[in-house]
Each structure stands twice: as structure tokens, then as C-alpha cells.
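Please examine the sequence and the model shown here before reading on.

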Amino acid sequence: MNAVATTLRQSWVITLRDLKHWQREPWTPIFGIAFSVMLVLMFGFLMGGAIGLPGGGDYLPYLLPGIFALSMMFGIEATMSAVANDSKKGVTDRFRSLPISSAAVPLGRAGADLMNSAAELAVLMVGGFLIGWRATGSLGATVLAVVLLLWLRFAMLVLGVFLGLAFRGEGGVTAVQVLVWPVGFLSNVLVAPESMPAWLGAVAQWNPISATAAACRELFGNPTGITGGVLADHALLLAVLWPAALVLVFVPLTAHAYRRLSR
Amino acid sequence: MPVLPLVAHGLRKRYGDTLALDEFDLEVLPGSVHALLGPNGAGKSTAVNVFATLTRCDEGEVHVAGHDVRREPAAVRAAVGLVGQHAALDEVLFGGENLVMFGRLYGLSKAAARERADELLRTFGLSDAADRKVSTYSGGMRRRLDIAAGLIRRPALLFLDEPTTGLDPRARNEVWQAVRRIVDAGTTVLLTTQYLDEADQLADRITVMDAGRVVAEGTAQELKRRVGGDRVLVTAPAHADLDRLAAVLGGVGDPELRQVTVEAGPGGGASALTAAVRALDAAGVEAEDILLRRPTLDEVFLHLTAAHPAPVSSRPEGAHR
């Protein structure tokens with residue numbers, strides 16, 4: 001128990017350090033949020049009029065939960081570049097040379113990134129409310145939806161730490177910054193998979209981010225754009241399992257990459 | 001027998017086709033400054049990373065402060081401070097905040113970490129810069145802060161990996177002063193360097209390494225002695241007879257420099273110098289200048305490493321980080 005408390009205390013020191021970065025250089029998180037707001041405006045008003053939903057319903061309330069999920073996924077960039085930057089500068093090596101738990105540094109990162117994402121989510125939800133989005137489900141369902149979003153963020157965080165440690169050159173971060181677009185858009189966050197060619201729609205609905213977005217739409221009481229398929233019945237379950245699978249795979253890989261860092 | 005700060009025996013570490021460490025042995029004595037001297041790619045950083053538990057070696061044994069790096073890495077980490085090749089600081093945090101953060105990670109309370117940070121900032125002349133972002137620091141200031149961060153827990157052994165690489169002469173002097181202060185306080189230091197004058201200035205003992213192997217070891221004096229003896233250089237006054245001067249001294253004249261070189265015999269430089277002065281006196285010959293020249297470490301270094309040319313494919317130092 002004592003070891004756990006010590007690890008948490010060490011993680012907290014790292015979390016405070018990461019939070020201080022945003023306090024000193026607030027443009028990074030501000031642009032992150034502004035970017036999501038821009039996506040809402042672009043798709044909600046610029047293109048939304050041309051986008052129809054299978055099963056009916058307005059596009060804006062369909063879009064918002066999708067953007068929530070997308071912004072959780074895009075958080076992977078911030079995590080990865082912060083981790084890659086630390087390893088490149090030698091800061092990670094110094095942490096590794098200290099008598100601290102090897103879990104403390106990634107856990108501290110996780111704490112800071114989750115707080116940042118929670119704040120981003122709050123801004124997006126308030127912004128969504130202002131342009132007419134409503135969560136009409138119960139309070140419990142709404143809270144559950146937020147938890148599922150942060151759960152997706154946590155999985156992306158683990159993946160981001162791993163990628164940051166494993167591919168810390170400039171190229172690695174850039175590759176991820178490009179790849180999140182097709183991976184993020186090939187889902188149900190912006191348009192319903194049922195409106196896509198059948199094979200593409202099948203891929204899109206098996207995207208982990210689709211499960212989270214679909215589950216949130218259900219829980220918020222927003223239109224889901226779903227008339228059938230795996231997400232019609234199992235969105236909630238998949239929104240729990242997909243991130244869990246990612247965490248289970250990448251936590252050991254991350255620990256491995258951290259230990260082998262200076263090979 | 002007291003526990004040595006560091007004992008390494010038979011280390012071997014392979015990166016692909018390159019042996020970064022090859023049958024590498026090292027002993028560091030308590031309270032000393034030990035320099036690992038070698039060219040880029042000699043394996044210095046690899047050795048330090050193995051000692052600091054950051055890298056595992058393929059073969060061999062290392063004990064740091066009596067702890068096996070493989071079996072008791074946590075105990076080793078608690079006993080050492082590592083100052084890596086690149087200033088491993090948080091650029092966005094203030095200088096003082098960096099030290100407090102590392103202090104907190106070492107388990108100090110907030111107040112104790114702050115107190116220790118202030119103390120170190122004072123020691124390294126950084127008090128005025130304590131509340132500035134590290135990104136505004138000069139190279140020398142960064143290095144000093146970096147070294148201070150390695151000293152928070154008063155380690156038994158401090159690793160300094162190329163502490164002055166890339167610094168201008170003034171900053172280098174600042175870092176040298178900082179290192180001397182650490183040594184005066186009783187900390188044992190293992191430093192790596194590719195600068196001979198740095199090893200000469202700071203180190204009690206020097207291990208010369210090349211291509212992962214120990215090429216020579218000893219004090220600076222001992223190493224210099226290995227490449228040959230001292231020489232007495234006598235400069236003739238203008239219009240003086242250089243040949244006569246050479247004959248009197250029993251040395252070799254160089255008309256261009258108007259200088260006679262006398263190789264010191266087994267008696268060493270001092271007796272050769274005395275003998276030269278006596279000979280000049282007895283013959284009634286004037287000299288414009290007379291000096292005793294010992295071989296520089298540069299000569300030693302080139303002499304020692306020339307026998308072991310580095311493999312062409314060797315990885316540049318730092319590529320493994």
C-alpha cells in the first residue's frame with residue numbers, strides 16, 4: 001500500500017509539472033479547444049445542411065457527441081509530442097535515473113492530460129449547449145457518457161505515451177498528426193456509416209471511436225443515425241471494451257518501451 | 001575494506017555490429033574525480049548509462065556503492081546522480097522549480113525541496129535566475145543547473161557525461177569551477193570528456209578509452225610519461241652561434257626557431273634542466289629563454305589512440321540515446 005501511495009505522490013509531482021506547462025504556455029491547450037470548436041462550426045453550419053441522417057433527426061445534435069469523441073482521440077497528438085519531446089531532451093532519462101517508480105512518469109502524464117481533456121470536454125459541452133445541443137437523457141446517463149469519453153481519452157493517452165517513447169523522432173509525431181485524420185474521419189463521428197458504401201461503412205462502425213460516439217448519442221438522447229448493425233445493439237458495451245482492449249495491449253508495451261529507452 | 005563507489009569488470013555491450021563496450025574494466029576511488037577520456041563513439045556515454053542503470057550491458061558486472069546494477073537498480077539509483085550529455089531540464093519551468101520538482105521526486109517534502117533548491121542555486125551562482133524560465137538561460141547556466149539537479153540528494157557518486165561539450169570557454173570555466181566545488185564537498189565524480197585539458201584540469205585519474213576498450217589508465221602525469229620524456233628547450237639569442245649552443249648542451253639545434261632541444265635522460269626533466277643551466281654557465285654561453293616542456297595530454301592521446309583506430313562503422317556517440 002505504501003508503494004502505491006509513493007507512486008501516486010511521485011505521479012502528482014509530474015502532473016503538476018505538466019499542468020504548469022499549460023499555465024505558462026496556454027496557447028497549446030487553447031488552440032486544441034479552438035480546433036474542436038472550429039470543427040463544430042464547419043460541420044455543423046457549413047456542411048451540416050447537406051448531411052442527412054439514416055433514421056431521421058437533426059444533424060447538429062448528432063454531430064456534437066461525435067466531435068466530443070473526436071477531440072478525445074485527437075488528444076493523442078498532445079500526449080505523444082509531449083512524451084517524445086521529453087525523451088529527446090533527455091528529461092525522461094533523468095527521470096529514469098531517479099529512484100522513483102517507473103509508473104510515476106506515465107501516470108503523471110495521464111493525470112495532466114485527463115484534466116486537460118476534461119476541461120476541453122466541458123468547454124465543448126457548454127459551447128454545444130449555446131448553439132442548441134441538449135443532453136436529454138438522465139443525469140446518470142449523461143455522467144456515464146462523459147466517463148466513456150474520458151475512458152477513450154485514457155486509451156489514447158496510453159497509446160500516445162507508447163508512440164512517443166517508441167517513435168520519438170520528428171517524423172513520428174508528424175506521421176501521427178496526419179494519420180489521426182483518416183482514422184478519425186473513417187468512423188461515425190461526422191457522417192453515419194450507413195450513408196457510406198457498404199464495405200467502408202462496415203470498417204467505420206468497427207472503429208473504436210465510433211463505439212464511443214454511438215454510446216454517447218444514446219446516453220445523451222441524441223439521434224444516432226443507426227438503423228441496424230453491430231452498434232445498434234452493442235454500442236455501450238463496445239465503448240467500454242474497445243478502450244479496455246487498447247489499454248490492455250499498450251500498457252505492457254509502454255512499460256517495455258520505457259525500460260528499453262536507451263537501447 | 002571500504003566499498004568503492006564504482007567497480008566494473010568485463011563489460012561488453014553490443015549495438016548491432018558495433019561493440020560499444022568490449023572487456024571494459026573500471027575502478028573509481030572514493031573522493032576522487034575520475035575521467036573517462038576518449039573520442040566520439042568511444043563508448044563513454046554507453047558506459048555511464050550502464051553504470052546509472054539506464055542501459056543493461058550484455059556481459060560483465062558493475063557494482064555502484066556496493067550494489068549490483070542488475071540486481072539492485074533501485075539502490076543504485078538512490079546512490080548516484082546523473083548529469084547526462086544534454087541538459088535534461090524542463091525548459092518551461094523556472095530554474096528553481098526544476099530543482100524543487102526533482103527534489104520532490106527524490107521524496108523531499110515541499111519545504112525541504114525548496115530549501116535544498118535555494119542552497120544549490122546559491123552554490124552554483126544561480127540565485128538571481130531562480131525565477132526565470134530555463135529556456136532563457138545561457139548554455140553555462142543550464143549546465144550548472146543541470147549539475148545542481150544531479151546533486152539534490154547528495155549522491156555518493158555523480159556522473160557527468162561530457163559536462164562542457166558545446167560550451168564557450170567562459171561557460172566551460174564556470175562549469176569547471178562548479179565541478180571543483182562538488183569535489184571539495186567530498187562527492188566522488190566520474191566524468192566523461194573528449195577534451196584532454198578538461199581531464200588534465202579536473203581529474204585525479206584518467207582512463208583513456210577507444211572503441212569500447214580501455215587503452216590506458218593513470219594520473220595525467222603517468223600518462224604523459226608514457227609517451228616519452230620531458231624536453232628542455234633553449235632559445236639562442238639573436239646572432240648567437242646555434243651550433244656551439246647545441247654542442248654545449250648536447251642537444252639538437254633548430255635554425256628556424258633558433259632553438260636547441262635536449263631530451264631528458266632517465267633522471268627526468270628537472271635534472272635535465274639543471275644540467276642544461278650548469279652547462280650554459282660553465283661554457284659562458286648566454287640563452288635568451290630556457291624552458292622545460294612535458295608532453296601534453298594531446299600528444300598522449302593521439303599516441304595512445306593511434307594504435308587502436310576506431311572502426312569506420314562505429315556509431316556516433318549519443319546515437320543510442
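Which residue in β4(B) does B:Val7 stand opposite? In this predicted model, the residue opposite B:Val7 is B:His63 of β4(B).

## The sheet of chain B

Strand β1 (residues 6-15) and strand β4 (residues 59-64) of chain B run antiparallel and are joined by five bridges. Both strands belong to an open sheet of four strands in chain B, whose order is β2-β1-β4-β5 and whose pairing is antiparallel. At the edges stand β2 (18-28) and β5 (67-68) of chain B, each with a single partner strand, so each has one side left without a neighbour in the sheet.

## Packing of two helices

Two packed helices are described by the angle between their axes and the distance between the axes. The axes of α3(B) and helix α5 (residues 139-150) of chain B cross at roughly 20 degrees and come within 9 Å. The two helices α3(B) and α5(B) are therefore roughly parallel to each other, and α3(B) passes α5(B) in a right-handed crossing.

On the α3(B) side, the contact is made by B:Gly95, B:Asn98, B:Leu99 and B:Phe102, while α5(B) contributes B:Leu145, B:Ala148 and B:Ala149. By class, the residues of this contact comprise five nonpolar, two polar and no charged.

## Contact between the chains

Chain A gives 19 residues to the contact between the chains, and chain B gives 20 residues. On the side of chain B that touches chain A, the elements that give two or more residues are α2 (73-79) and α3 (95-105) of chain B. That side of chain B has 11 nonpolar, five polar and four charged residues.

Definitions and conventions. Residues numbered from 1 in each chain as written. Chains lettered and ligands numbered in written order. Predicted model: local features only at pLDDT ≥ 70, side-chain atom pairs only at ≥ 80, totals over all residues. Contact = placed C-beta atoms within 7 Å. Nonpolar A, V, L, I, M, F, W, Y, C, P; charged D, E, K, R; others polar. Axes fitted to C-alpha atoms, helices over the stretch in contact; angles between N-to-C directions. Parallel < 35°, antiparallel > 145°, perpendicular 65-115°, else oblique. Left-handed = near helix turned anticlockwise from the far one by under 90°. Pairing = 2+ DSSP bridges.
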